[in-house]
Amino acid sequence: MTEIFTESAIHQKSPQEITALLYEGCMTNLEEAIDFINSKDYILANRKLQNANDILQRLGAGLNYDAGIIADQLDALYNYMADKIVEANLNKDVKIIKEVLHSLEEISAAWNQAMKNKTADPAAGIRKKASVYEKSVLTEEY
C-alpha cells in the first residue's frame with residue numbers, strides 16, 4: 001500500500017474504505033510478486049502471492065450475503081482468483097498473475113466508483129425513501 005496506517009487510523013475508516021484498502025493492498029502484492037518473479041527472487045514472490053491470497057480470504061470473509069446475488073458472485077470470483085494465485089505461485093507464471101490483477105483492478109475501480117456515487121449525495125437515498133413513503137401514504141384508502 002502506498003500509505004502506512006496506524007491502528008487508530010484504520011478504526012476511523014468505514015467498512016467500505018477498508019475494503020478499498022484491501023483491494024489496493026492485494027493489487028500491490030500482485031504487482032510486487034510480478035517484479036520478484038521477473039528478478040528470479042522466488043522466495044519474496046511467494047510471500048507476496050501468499051499475502052495477496054490472505055487478502056482475498058479476508059475480502060471473502062467480509063461479504064454481506066444479505067446484499068443478494070452480488071455477494072455470491074464476488075465470493076466465487078475471490079475463490080477463482082485465489083486458485084489462480086496458487087497456480088501462478090506453483091508455476092511462477094506472471095501471465096496468470098496479470099490476469100488476476102486485471103480482474104482485481106476492475107473490481108476495485110467499480111468499488112471506488114460506487115463509493116463516490118454513494119458519498120456524492122448522501123441525502124438522496126433518504127429523499128428517495130421519503131418520497132416512496134409519501135406516495136404510499138397518500139395513495140392508501142382509509
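Helix 3 and helix 4 of this predicted model run roughly antiparallel to each other (angles under 35 degrees count as roughly parallel, over 145 as roughly antiparallel, 65 to 115 as roughly perpendicular and the rest as oblique). Helices (H or I, at least four residues) and strands (E, at least two) are DSSP runs, numbered from the N terminus. Two packed helices are described by the angle between their axes and the distance between the axes. Here axes are lines fitted to C-alpha atoms, for helices over the stretch in contact, with angles running from 0 to 180 degrees between N-to-C directions. Both pairs are listed below.

| Helix pair | Axes come within | Crossing angle |
|---|---|---|
| helix 3 (residues 42-61) and helix 4 (residues 69-91) | 10 Å | roughly 170 degrees |
| helix 2 and helix 3 | 8 Å | roughly 160 degrees |

On the helix 3 side, Asn46, Leu49, Gln50, Ala52, Asn53, Leu56, Leu59 and Gly60 meet Tyr78, Met81, Ala82, Ile85, Val86 and Asn89 of helix 4, where contact means heavy atoms within 4.5 Å. This contact of helix 3 with helix 4 comprises nine nonpolar, five polar and no charged residues. In this classification, Ala, Val, Leu, Ile, Met, Phe, Trp, Tyr, Cys and Pro count as nonpolar, Asp, Glu, Lys and Arg as charged, and the others, Gly among them, as polar.

The axes of helix 2 and helix 3 cross at roughly 160 degrees, which makes helix 2 roughly antiparallel to helix 3. Residues of helix 2 in the contact include Leu22, Cys26, Ala33 and Phe36, and those of helix 3 include Leu44, Lys48, Ile55 and Leu59. By class, the contact of helix 2 with helix 3 has 15 nonpolar, four polar and two charged residues.

Leu21 also belongs to helix 2 (residues 15-38). Its relative accessible area is 13%, so Leu21 is buried (under 20% relative accessible area; exposed is over 50%, partly exposed in between, with a 1.4 Å probe and protein chains only). Leu21 and Ser108 are 87 residues apart in sequence, and their C-alpha atoms are 9.4 Å apart in space.

The chain has six helices and zero strands. Of its 142 residues, 28% are buried.

The mean pLDDT (the predictor's confidence in each residue, from 0 to 100) of the chain is 84, and 75% of its residues reach 70 or more. Where pLDDT is low, the predicted coordinates should not be read in detail.

Residues are numbered from 1 along each chain as its sequence is written, and side-chain values use heavy atoms, with hydrogens and water left out. Local features need pLDDT of at least 70 and side-chain atom pairs count only at pLDDT 80 or more, whereas totals for chains, interfaces and linings use all residues.
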